[in-house]
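Hi everyone, thanks for making time this morning. Let me put the structure up on the screen, and then we can walk through it together.

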Protein chains: 2
Amino acid sequence: VAVAAQTLDVLLAPRSVAIIGASDEPTRISGRTQRYLRDAGYEGAVYPVNPNRGVVQGLPAFPSLRDLPEVPDVALVAVPAERAVEALEEAAELGVKGAIVFAAGFAEHGEGGTLLQRRVAEVVASTGMRVVGPNCLGVFSAHDRFFGTFAIALDGGLPEPGPVAIASQSGAYGSHLFTLAQRRGLGVGYLVTTGNEVDVDVAEAIGSLAVRDDVTVILGYAEGIRDGERFLEALAEAHRRRTPVVFLKAGRSEVGAQAVSSHTASLAGSDEVFDAVCEEYGVLRVTTTEEQLDVAYGCLRGIFPHGRRLGVVSLSGGMGVQICDAADRCGLEVPPLPDDVQAGLLKRFPYASFANPVDLTAQVVQDWDLLDAALEAVLACDRFDAVVVSLTTVPLGLQAAPRLQEALGAAAGRHPERLVALTCLAEPEGLRAFGEAGLLVFEDLDRAVATVAALARAAECLARDLPDRSTAGTQVSVSRGTEDEAKRLLAEAGVEVLPERTVHSEGEAVAAADAVGYPVVLKVVSPDVTHKTDVGGVVVGVEDADAVRRAYTAVHEGVHVAVPDARIDGVLVAPMAPDGVDVIIGSHCDATFGPVVAFGLGGVFVELLDDVSMALAPVDTDRAHRMIRSIRGFGILDGARGTPLCDLDALATAIVAVSRLAAANAASIRSIDVNPVRASPSGAVALDASVVPA
Amino acid sequence: VAVAAQTLDVLLAPRSVAIIGASDEPTRISGRTQRYLRDAGYEGAVYPVNPNRGVVQGLPAFPSLRDLPEVPDVALVAVPAERAVEALEEAAELGVKGAIVFAAGFAEHGEGGTLLQRRVAEVVASTGMRVVGPNCLGVFSAHDRFFGTFAIALDGGLPEPGPVAIASQSGAYGSHLFTLAQRRGLGVGYLVTTGNEVDVDVAEAIGSLAVRDDVTVILGYAEGIRDGERFLEALAEAHRRRTPVVFLKAGRSEVGAQAVSSHTASLAGSDEVFDAVCEEYGVLRVTTTEEQLDVAYGCLRGIFPHGRRLGVVSLSGGMGVQICDAADRCGLEVPPLPDDVQAGLLKRFPYASFANPVDLTAQVVQDWDLLDAALEAVLACDRFDAVVVSLTTVPLGLQAAPRLQEALGAAAGRHPERLVALTCLAEPEGLRAFGEAGLLVFEDLDRAVATVAALARAAECLARDLPDRSTAGTQVSVSRGTEDEAKRLLAEAGVEVLPERTVHSEGEAVAAADAVGYPVVLKVVSPDVTHKTDVGGVVVGVEDADAVRRAYTAVHEGVHVAVPDARIDGVLVAPMAPDGVDVIIGSHCDATFGPVVAFGLGGVFVELLDDVSMALAPVDTDRAHRMIRSIRGFGILDGARGTPLCDLDALATAIVAVSRLAAANAASIRSIDVNPVRASPSGAVALDASVVPA
């Protein structure tokens with residue numbers, strides 16, 4: 001299903017709307033929407049539907065949908081679950097284009113609810129009427145003055161159009177974000193809450209918000225993704241439009257994931273895979289609400305630094321040190337100012353320190369020229385991609401505030417392309433003045449630095465091309481899933497394997513060993529033996545022909561004793577592997593996003609430390625290299641502490657090959673496990689492998 | 001130097017004070033202090049010293065200290081560095097008890113400044129006058145109405161006495177914390193900024209604030225610790241008084257540590273060792289200012305949960321999920337409510353979900369009894385140590401707010417011993433009302449959960465006895481630092497070593513091998529060879545007497561070829577070690593805190609992943625066990641994924657023994673490196689070791 005950019009057009013800007021279950025009481029859930037529409041100055045027709053009243057909140061009411069003078073664009077369904085389903089069926093029959101269903105008591109609530117939800121799904125499938133909800137808080141478009149929601153948060157005032165759009169599965173969270181964003185003056189233009197997502201989901205909401213010119217940043221929230229493909233298409237749309245998506249995905253923890261299913265009846269899905277999606281599509285994934293709003297605020301400024309080098313100017317050495325610590329935590333660098341610039345400044349202001357962090361010391365309040373000179377030097381310096389300025393509590397001083405605003409404003413004005421984040425304590429009007437001068441303003445220094453880091457990450461993601469999902473590998477057929485079959489498939493896909501042969505007699509074994517070169521390894525080939533070593537099915541370091549004959553017999557005997565019924569398809573003869581580091585390359589099918597490729601170091605790294613990187617399959621070479629570099633133990637492949645420098649290109653090639661094999665055969669291959677791959681300075685060779693048929 | 005609890009008495013509550021360099025201009029640095037003292041109603045005598053004026057801000061001024069009618073308790077020195085030193089010398093001569101020096105330009109500022117600071121240190125050493133600073137923002141005691149500071153932050157209003165005390169090396173940061181704490185209504189009673197710490201340091205400040213009955217929580221900040229011993233004594237004092245210390249230590253990162261030295265001329269010190277100190281003395285170490293204030297706020301509530309089990313009640317399923325995720329991040333558990341309690345509630349309220357998180361759904365606003373029942377069930381349940389309640393944005397609704405306040409207030413009132421943190425958005429007066437009902441109130445749910453987790457950690461730390469530093473080992477003498485000497489010392493200290501012998505001839509070697517049992521290992525003993533394996537100095541798996549003879553010769557030849565001048569003290573003959581996991585136990589002398597013991601898994605774990613736990617030496621068995629369990633790779637010692645269950649008691653014994661050896665011989669042993677220790681189900685044996693003399 002392609003994301004229709006116009007999906008939400010009718011739902012966000014209907015020309016007419018019926019409110020089914022409209023209440024005369026403007027503070028009740030079922031009365032609030034009508035009040036909001038009136039207060040907002042919504043220009044379309046509003047038809048309250050209520051069989052018990054002639055007039056509702058001043059408007060003529062109608063006993064049923066059929067009695068309206070026209071078929072409304074949208075039906076707002078504010079009655080309980082059972083009656084909501086009936087109303088939807090009626091609306092669809094009449095040709096209503098869209099419906100928004102507030103009621104809970106559907107799939108999130110036991111069997112009865114699931115049955116009701118299935119009826120809604122049938123209406124959608126058979127009529128094409130678009131449905132938001134059920135179990136949602138509704139939608140609004142401040143641009144179109146349409147407020148199809150009963151959110152209590154709007155009691156505090158209906159918003160003017162603004163550049164932020166919110167797409168949230170959870171109504172309460174969407175409402176929470178809206179309230180916080182408004183408080184910070186970010187301006188929310190659209191809110192879409194999708195609840196149980198019987199039809200419209202967060203993906204569709206993001207996709208159709210992303211194409212709107214009046215949306216600058218999208219805040220997303222979900223507990224589970226209904227349709228992985230649709231979600232990826234929506235993210236691709238946002239990426240093409242360079243609209244940042246700042247996403248909070250809940251249900252990361254096991255206990256959180258359990259709670260998800262009883263809330264919106266979703267499945268939380270694999271968090272590692274979701275992380276991979278965010279990495280590949282440039283989604284700014286955040287962990288906390290504070291972070292989500294900070295990053296949104298940063299995105300609205302519209303300056304995305306092209307690198308991770310931070311210039312720091314502080315009135316206090318202590319704050320400078322803390323900014324350095326925060327930068328380090330966020331992966332930003334703090335390189336020094338050029339020597340000649342430092343020397344020039346030191347000549348004029350011998351008491352300050354200009355290394356970076358620039359420490360102006362408390363003296364600056366007696367000599368404001370120092371502030372001007374330092375700001376200009378750091379903002380003009382091409383060694384920095386962004387600048388953080390700390391003014392500590394000094395702007396609280398009544399005399400200092402105007403001079404500080406003048407200095408910062410002038411400096412930012414001279415360098416409008418430079419991202420400058422300011423951290424200080426000031427009165428509200430002082431903070432506002434700094435913001436109007438073009439600075440990002442934070443009271444907390446850690447949040448200032450973290451936001452700069454997020455914007456640098458956004459720049460990296462937005463600059464990167466979207467993954468090309470079309471270059472899949474060739475289709476293959478998998479029969480028994482034995483090691484030799486797995487290796488043949490992998491070799492055909494482009495993974496290096498040892499030149500090994502399957503033999504069926506002592507004589508063949510000796511000939512094979514002569515051909516591949518001593519010393520060799522002999523391994524049993526059997527679909528019934530998983531851990532070959534445990535049953536005596538492997539003999540290593542076989543030095544000559546006699547030893548090959550003995551080993552051939554030993555392998556058979558060992559397996560026969562341990563697994564009497566095992567079918568033996570032959571014995572594999574292979575040369576000994578080169579010295580190196582064992583890594584694992586694997587694939588599996590994620591329930592939401594399909595085939596996924598994984599990479600990690602072997603042994604305890606993957607088993608105890610969970611040190612694995614994942615990506616949607618297929619990946620290209622560039623992404624494979626990023627996977628390799630993103631594991632914590634990467635140093636062991638890269639010559640750290642005397643380990644050999646492994647051939648990373650060969651490793652990347654193997655990852656790409658496995659990912660393509662997995663992607664092209666998602667229907668027939670359940671999983672691939674190449675374990676271990678021996679990485680060495682001379683290549684990356686699969687030593688053992690299994691391919692499990694679907 | 002013992003921490004004198006009364007250190008700060010005279011400095012925080014002098015009976016009389018001279019202001020050297022007093023200015024008639026109440027907004028200047030040198031005029032502000034006098035204004036603050038007047039506005040605060042300070043009852044002691046204030047003597048402005050200014051040779052150029054007869055009257056300063058309405059008080060008679062004096063040309064010099066000598067001209068005052070009495071010797072003041074404290075001199076506030078508000079003149080530049082050079083003149084400040086002269087003033088201090090004069091004050092000390094006259095018998096002034098304490099001085100507070102604002103001026104910068106001392107050790108943080110080049111050679112000239114270092115010389116000036118040395119003169120201040122001489123005054124302190126020769127007269128015993130106590131000095132705060134230089135390069136500090138001063139001190140205040142709101143309890144005593146003494147404001148010996150020029151902090152601009154006080155322009156916003158002088159504080160009333162409150163339960164929070166701040167001890168900060170950085171004046172700007174102390175002032176920043178003060179401002180934020182006041183805004184949150186935490187109430188700051190004391191502020192001590194110590195700057196360059198020529199005399200009074202953060203340790204002394206903490207020690208003497210901890211013993212005051214009017215201090216409930218101490219917020220600390222430092223970039224480097226001057227005197228480790230004094231710091232530990234101060235923390236011990238705070239621990240004895242059960243006064244939580246919430247500490248932000250800056251200079252954690254490399255770039256931050258570099259910036260430290262040019263700020264307060266401190267050394268940042270090892271961050272891992274500082275972490276160990278916090279762990280052992282129950283310091284609540286925080287990373288950000290927000291966290292520092294959140295934890296302080298939590299401590300003021302005075303309820304420290306006795307475990308990590310969290311009950312969650314939310315009006316929104318989405319918030320419940322997020323609380324679970326946050327709990328997981330902070331190491332809190334979210335166990336289910338008992339089945340019978342769930343069943344009882346479900347009978348009354350079939351539409352809600354009571355597993356934990358309890359999800360009241362949006363329906364609760366139509367049926368407040370549900371909220372009362374759910375709160376009571378969770379607060380009364382002994383499966384939880386603390387409770388987090390999320391009301392989302394609902395308290396913003398004017399009708400809901402009073403009912404919510406009533407419900408929460410009543411529930412908290414019935415369970416005054418239970419820590420309840422509330423997260424919601426509300427108007428300021430609403431938030432205040434919830435706070436007055438005894439709840440911890442946070443707008444951000446992550447901060448609510450993180451604070452609960454910090455308070456649980458505080459409870460663990462405060463309940464634990466302080467480490468007993470007295471049980472050191474025996475003193476030994478180290479001569480050459482060879483492996484056999486190291487092993488002898490370790491064996492005497494209580495570390496298990498293999499029954500190995502140093503031999504000096506082939507014959508002795510064979511006899512030794514016969515005695516310890518085949519197969520054996522032969523290793524060269526030489527003070528000139530560090531990596532024995534690299535030079536052919538080790539032969540393993542030696543099976544019989546002939547092989548022993550060959551190996552004896554091979555070891556000598558190998559070493560002679562590789563290191564021609566190497567002195568060879570003999571050859572070690574040892575049995576082969578049991579199979580197991582290699583770990584490392586080491587010690588070194590930290591520049592600030594003295595001997596430290598470290599533990600980690602061998603190989604890549606310690607080298608690439610920095611997976612090491614540290615503790616001040618000596619440690620007891622309990623602490624050794626906590627060290628073992630705190631490494632990320634602990635599972636590999638504990639039977640995870642089929643690895644053997646190692647003898648953790650034996651491992652702890654070895655750590656204790658090394659730590660005691662290190663502690664008892666801090667003067668003569670620079671470092672100990674037992675690498676590897678082979679941990680196995682049957683014990684923990686040192687296979688190689690070195691002891692480096694100081």
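This is a predicted model: local features need pLDDT of at least 70, side-chain atom pairs count only at pLDDT 80 or more; totals for chains, interfaces and linings use all residues.

Let's begin in chain A, with an open sheet of five strands whose pairing is parallel and whose order is β2-β1-β5-β6-β7. At its edges you'll find β2 (45–49) and β7 (130–132) of chain A, each of which pairs on one side only. From one strand to the next, the twist averages 20 degrees. If you zoom in on β1 (residues 16–20) of chain A, you can see it run parallel to β2(A), with five bridges joining the two. For a landmark there, look for A:Val17, which stands opposite A:Val46 in β2(A).

For chain A the pLDDT averages 91, and 97% of the residues score at least 70. As for the complex, the predictor gives an ipTM of 0.90 and a pTM of 0.91.

While we're around β8 of chain B, a quick look at the backbone. Most residues other than glycine have a negative phi, and most peptide bonds are trans. B:Asn135, in the loop between β7 (130–132) and β8 of chain B, has a positive phi, near 60 degrees. B:Arg145 also has a positive phi near 60 degrees, and this residue is found in the loop between β8 and β9 of chain B.

There are cis peptide bonds to point out as well. In chain A, the bond from A:Asn356 to A:Pro357 is cis, with omega near 5 degrees. A:Pro357 has its place in the loop between α12 (339–348) and β16 (358–359) of chain A. In chain B, the bond from B:Asn675 to B:Pro676 is cis, again with omega near 5 degrees. B:Pro676, though, lies in a strand, β27 (residues 669–680) of chain B.

On to the interface. How many residues does the contact take from each chain? It takes 73 residues from chain B and 73 residues from chain A. About 5,800 Å² is buried between the two chains, and carbon and sulfur atoms give 62% of that area.

For the polar side of things, there are 13 residue pairs in polar contact across the interface of chain B and chain A, both residues at pLDDT 80 or more. Four salt bridges are found across that interface too. An example to click on is A:Glu290 with B:Arg447, whose side chains meet in a salt bridge at 2.5 Å, N to O. On the side of chain B that touches chain A, the elements that give two or more residues are α5 (171–183), β13, α8 (254–261), α10 (289–301), α11 (317–329), α16 (445–463) and α20 (604–608) of chain B. The largest share of that side comes from α11(B), with nine residues.

Last stop: salt bridges in general. Side chains of opposite charge can pair when their charged atoms come close. Over all chains, the count comes to 86 salt bridges. One I'd like you to look at joins the side chains of A:Arg623 and A:Glu279, at 3.8 Å, N to O. A:Arg623 lies in helix α21 (residues 621–630) of chain A and A:Glu279 in helix α9 (residues 271–281) of chain A, so this pair ties together parts that are 344 residues apart in sequence.

How values were computed: Residues are numbered from 1 along each chain as its sequence is written. Chains are lettered from A and ligands numbered from 1 in the order in which they are written. Side-chain values use heavy atoms; hydrogens and water are left out. pLDDT is the predictor's confidence in each residue, from 0 to 100. Contact means heavy atoms within 4.5 Å. Buried area is the accessible area (1.4 Å probe) that two parts lose on being put together, summed over both. A polar contact is a pair of N or O atoms within 3.5 Å; within protein, one must be able to donate a hydrogen and the other to accept it, and residues adjacent in sequence count only if both atoms are side-chain atoms. Helices (H or I, at least four residues) and strands (E, at least two) are DSSP runs, numbered from the N terminus. Two strands pair if DSSP finds at least two bridges between them. Axes are lines fitted to C-alpha atoms, for helices over the stretch in contact, and angles run from 0 to 180 degrees between N-to-C directions.
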